[in-house]
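Dear colleague,

My notes on it follow directly after.

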Amino acid sequence: MTSCLSAAGGSRCHTGQREPLSDVVAGKVASHPCYSQNGHHRYARMHLPVAPACNLQCNYCNRKFDCSNESRPGVSSSLLTPEQAVAKVRHVAAAIPQLSVVGIAGPGDPLANIQRTFTTLEMVREQLPDLKLCLSTNGLMLPDAVERLVNVGVDHVTVTINTLDADIAAQIYAWLWLDGERYSGREAGEILIARQLEGVRRLTANGVLVKINSVLIPGINDGALSDVSRELRASGAFIHNIMPLIARPEHGTVFGLNGQPEPDARMIAKVRERCGEVMPQMTHCHQCRADAIGMLGEDRSQQFALTPVEESPQPWLPTLYRRAQLHASIATHGESEEPDACLVAVASRRGDAIDCHFGHADRFRIYSLSAAGAVLVNERFTPKFCQGSDNCEPQDSDARMTAVLDLLADVKAVFCARIGYAPWQKLEARGIQPCVDHAWQPVNEALTGWWQLWRKNAPSDPASQGVA
């Protein structure tokens with residue numbers, strides 16, 4: 001399934017045409033509304049306002065102002081603890097099954113609130129293993145956080161980079177705070193830019209998709225954003241989102257109070273066109289609040305009151321199975337609802353080949369197999385059954401195995417490079433076919449071939465395709 005995702009994917013070659021995305025990248029972006037032009041009206045996102053502090057003072061930002069009807073970064077009606085945030089995610093995911101992404105974008109900077117941010121991410125990953133995790137940051141603390149972000153399964157990160165010129169940065173930022181010291185002027189700009197670039201390079205080297213946000217500020221950085229596109233594209237960034245400055249006097253920002261003009265539609269289009277020559281441009285951004293909930297272009301955050309933290313939360317797996325069926329239907333345009341369609345799981349490190357031992361997998365990629373082809377639905381994260389050698393047997397092996405089997409209860413087959421005899425038997429006892437004959441083969445090729453054989457014996461009763 002090679003895909004070209006309009007303005008949200010591909011890159012321009014020398015002919016000016018979009019080059020198609022790889023299957024791995026296409027699968028990652030397809031259900032992320034902020035990265036996919038085609039996905040933003042089909043999937044929902046949720047921002048968790050758990051990060052109040054900030055280590056960088058931007059002249060276009062004032063987090064104290066809040067209007068529930070306004071869509072503006074840094075705005076939130078409330079601040080949640082990690083426990084409250086996870087309880088709310090569970091509630092929203094059940095009420096809005098199209099939810100695919102949970103992110104932290106403020107109201108300050110997530111990486112200036114390192115403990116609150118990672119506690120929240122780790123709890124969401126543990127309790128809701130099928131949701132994408134993403135993060136939005138100014139990038140100042142990014143180099144120090146990349147390893148933890150990768151380990152917790154964050155695979156989409158947005159970094160706000162407004163310039164690569166330290167003198168221009170001095171006009172945009174009042175000060176930054178790093179390692180107990182406050183910096184301003186050109187010195188602050190040099191520190192920030194160097195750390196932003198280093199962070200982006202480390203993320204992309206680890207396979208994380210990076211979106212660059214830039215605030216277009218007339219007369220300050222409007223002529224410098226093509227340099228941002230060029231340099232960050234070379235560093236592996238995926239897409240560039242150029243957002244118009246919001247500088248209203250009533251917001252109380254430095255730019256709002258000193259009369260800094262906002263860009264008009266013509267300037268925005270011109271800068272995006274120029275930057276689009278070197279990096280794909282995002283044009284469907286709605287500059288979301290730090291507590292936004294729902295599809296892009298809508299905000300349902302006011303519909304969801306603070307959810308009480310439950311001492312014994314309701315089981316999540318039934319909701320996970322229902323959401324998988326819906327997301328498969330969305331991704332395949334309804335083909336997954338046919339009697340000969342099914343879901344399968346793949347253990348893969350890289351995403352493009354079946355290259356992971358069953359016991360070493362920390363996530364399983366869930367595919368829908370149907371007339372639409374092999375279509376990635378989502379990923380489900382799980383603790384590794386085996387932490388060491390192929391023959392390891394952890395003390396809590398029964399509990400680990402039960403957790404993995406429960407997570408995969410709605411699939412018809414599991415594809416992996418190798419699998420032990422005991423897990424093989426337990427999968428078969430659950431009616432799940434272990435498949436190792438396709439080890440090291442390309443995922444799509446293997447799955448398509450297997451489905452062609454499986455569908456000949458597929459049950460004719462559609463109800464038998466689901467989970468009881």
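Predicted model: local features only at pLDDT ≥ 70, side-chain atom pairs only at ≥ 80, totals over all residues.

Asp179 lies in the loop between strand S8 (173-178) and strand S9 (181-183); helices (H or I, at least four residues) and strands (E, at least two) are DSSP runs, numbered from the N terminus. Asp179 is not a glycine, yet it has a positive phi of about 50 degrees. In general, most residues other than glycine have a negative phi, and most peptide bonds are trans.

Residues are numbered from 1 along each chain as its sequence is written, and side-chain values use heavy atoms, with hydrogens and water left out.

**The hairpin and its neighbour**

S8 and S9 pair in the antiparallel sense over three bridges; two strands count as paired if DSSP finds at least two bridges between them. The hairpin of S8 and S9 has two residues between the strands. Leu178 has Glu181 in S9 as its bridge partner. S8 also pairs with strand S4 (residues 56-58), again in the antiparallel sense and over three bridges. Here Cys58 has Tyr173 of S8 as its bridge partner.

Pro107 is found in the loop between strand S5 (99-104) and H3.

**The seven-stranded sheet**

Seven strands form an open sheet with mixed pairing, in the order S11-S10-S7-S6-S5-S3-S12. Its edge strands, each pairing on one side only, are strand S11 (239-244) and strand S12 (293-294). Within the sheet, strand S6 (residues 132-137) and S7 pair in the parallel sense over five bridges, and Ser136 stands opposite Thr158 in S7. Helix H6 (residues 185-205) packs on this sheet, touching S7 and strand S10 (209-216); contact means heavy atoms within 4.5 Å. The direction of H6 makes about 150 degrees with that of S10, where axes are lines fitted to C-alpha atoms, for helices over the stretch in contact, and angles run from 0 to 180 degrees between N-to-C directions. Helix H9 (residues 265-275) also packs on the sheet, touching S10 and S11, and its direction makes about 165 degrees with that of S11.

**The five-stranded sheet**

Another open sheet of mixed pairing has five strands, in the order S15-S14-S13-S16-S17. Strand S15 (373-381) and strand S17 (433-435) are the edge strands. The twist averages 25 degrees from one strand to the next. Strand S16 (residues 413-415) and S17 pair in the parallel sense over three bridges, with Cys435 in S17 as the bridge partner of Phe415. Helix H10 (residues 317-332) packs on the sheet and touches strand S13 (342-346), strand S14 (363-370) and S15; its direction makes about 150 degrees with that of S15.

**The largest pocket**

The largest pocket has a volume of about 1,100 Å³. On a 1 Å grid over the protein atoms alone, a pocket is an open set of points where a 1.4 Å probe fits, with protein on both sides within 12 Å along at least five of seven lines; lining residues have an atom within 4 Å of a point. Grid points are joined across faces, edges and corners, and the volume is the space filled by probe spheres set on the points.

Of the 42 lining residues, Arg125, Asp362, Arg363, Phe381 and Thr382 are the closest to the centre. Elements giving two or more residues to the lining include helix H3 (114-127), S14 and S15, and H11 gives the most, with five residues. At least three residues come from each of domain 1 (23-302) and domain 2 (316-386 + 393-457), the bounds being from an automatic or database domain assignment.

Yours sincerely
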